[in-house]
Amino acid sequence: MTEDQHQMAVIKWSQQESIRKKYPELKLLHHIPNERKCTPAQGMRLKRMGVKSGVPDLMLPVARGGYHGLYIEMKAENGRTSDNQNWWINELTLQGYLCRICYGWKDAVYEIERYLKT
């Protein structure tokens, strides 16, 4: 599976009725669209709008266990984080967010459930 497919699987899991009953907070789980597959002009427009390289893929703005929220950087099983992604993860952690790098959708589901149970 690609990274995108893993991320779509996380969202699909989070939208199941039985999962939403268990974790209603998942209605707030969202993707941060910071991909740059566009023309140079579109890229400049997005940059002026505040899109920044390296921001984690998923955000759950729900406070738990002393954290302000959960950020997830999705990776395929053999993926690696970039320097920009590592910078964002470090900075967000310093600001009181829990950040996780998840290798595949099952890893992300595990981290989300673990976070919501705290």
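These legends go with a set of close-up views of one predicted model. Residues are numbered from 1 along each chain as its sequence is written, and side-chain values use heavy atoms, leaving out hydrogens and water. Since this is a predicted model, local features need pLDDT of at least 70 and side-chain atom pairs count only at pLDDT 80 or more, while totals for chains, interfaces and linings use all residues.

**View 1. Four strands make up an open sheet.** The order is β1-β2-β3-β4, with mixed pairing. Strands here are DSSP E runs of at least two residues, helices are H or I runs of at least four, and both are numbered from the N terminus. Two strands pair if DSSP finds at least two bridges between them. β2 and β3 run antiparallel and are joined by three bridges, whereas β3 and β4 run parallel and are joined by six. Look for L60 opposite L70 in β3, for M59 with its bridge partner Y71 in β3, and for I72 opposite R100 in β4. β1 (30-31) and β4 stand at the edges with a single partner strand each, so one side of each has no neighbour in the sheet.

**View 2. Strand β3 is covered on both faces.** A residue is called buried under 20% relative accessible area, exposed over 50%, and partly exposed in between (1.4 Å probe, protein chains only). Six of the six residues of β3 are buried, so this strand is largely enclosed by the rest of the structure. In a regular strand the side chains alternate between the two faces of the sheet. Here L70, I72 and M74 are on one side, with Y71, E73 and K75 on the other. Helix α1 lies across β1, β2 and β3, at about 140 degrees to β3; such angles run from 0 to 180 degrees between N-to-C directions, with axes being lines fitted to C-alpha atoms, for helices over the stretch in contact.

**View 3. L70 is buried in strand β3.** Contact means heavy atoms within 4.5 Å. Leaving aside neighbours within four places in sequence, L70 is in contact with L58, M59, L60, L98, R100, E111, I112 and Y115. P56 is 14 residues from L70 along the chain, and their C-alpha atoms are separated by 9.9 Å.

**View 4. Tyr meets Tyr, edge-to-face.** Rings of Phe, Tyr and Trp (its six-membered ring) pair if their centres lie within 6.5 Å; planes under 30 degrees apart count as stacked, over 60 as edge-to-face and the rest as tilted. That rule gives two aromatic pairs. In one of them, the rings of Y71 and Y97 have centres 5.3 Å apart and planes at 75 degrees, so the pair is edge-to-face. Y71 sits in β3 (residues 70-75) and Y97 in the loop between α4 (83-94) and β4 (98-103), so the pair ties together parts 26 residues apart in sequence. Y71 is buried at 12% relative accessibility, while Y97 is partly exposed at 21%. W87 and W88 form an edge-to-face pair too, 5.3 Å centre to centre with 90 degrees between the planes. W87 is partly exposed, at 48%.

**View 5. The largest nonpolar core has 19 residues.** A nonpolar core is a set of buried Ala, Val, Leu, Ile, Met, Phe, Trp, Tyr and Cys residues joined through side-chain atoms within 4.5 Å. L26, L60, I72, I112 and L116 touch the most other members. α1, β2, β3, β4 and α5 each supply at least two residues of this core, and α5 gives the most, with five. Another core, of eight residues, lies apart from it and has V55, M59, W88 and C99 among them.
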